[in-house]
Amino acid sequence: MKPVEIYTSPLCGFCHAAIRLLDSKKAAYTTVNISAQPAKRPEMIQRANGRSTVPQIFIDGKHIGGYDDLSLLNAQGKLDKLLAA
């Protein structure tokens, strides 16, 4: 599978939902907790084209968006293809 990165915050319900969805796909991912690593927030905002909310999700370095975007890709049947190596 392609590498997945998620910028998260521990109290974010949408972050937990995104992780549950990725877990259901058996996708490997790395998380960046911007609460614990606040210096990573500007990096996230830059990579996410100005978006400052969490989660921000990247698959193979490509910005996917937040949980709603990830969920929509899954509903459209496109997420599996994006995750496939």
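**The sheet and its helices**

Mentor: Start with strand β1, residues 4–8, which is joined to β2 by five bridges, the two strands running parallel. Within this pair, Ile6 of β1 has Thr31 of β2 as its bridge partner. Bear in mind throughout that the model is predicted.

Helix α1, residues 13–24, lies across β1, β2 and β3, and its direction is at about 160 degrees to that of β1. A further helix, α3 (residues 67–75), also packs on the sheet, where it touches β3 and β4. The direction of α3 makes about 95 degrees with that of β4.

Now turn to β3, residues 56–59. Three bridges connect β3 with β4, and here the strands run antiparallel. One of the bridge pairs is Phe58 with His63, the latter in β4. The two strands form a hairpin with two residues between them. In that turn, Asp60 has a positive phi of about 55 degrees.

Put together, the four strands make an open sheet in the order β2-β1-β3-β4, with mixed pairing. The edges are taken by β2 (29–33) and β4 (62–65); each has a single partner strand, so one side of each is left without a neighbour in the sheet. On average, neighbouring strands of this sheet are turned by 25 degrees against each other, direction ignored.

Technical notes:
Residues numbered from 1 in each chain as written. Predicted model: local features only at pLDDT ≥ 70, side-chain atom pairs only at ≥ 80, totals over all residues. Heavy atoms only, no water. Pairing = 2+ DSSP bridges. Axes fitted to C-alpha atoms, helices over the stretch in contact; angles between N-to-C directions. Contact = heavy atoms within 4.5 Å.
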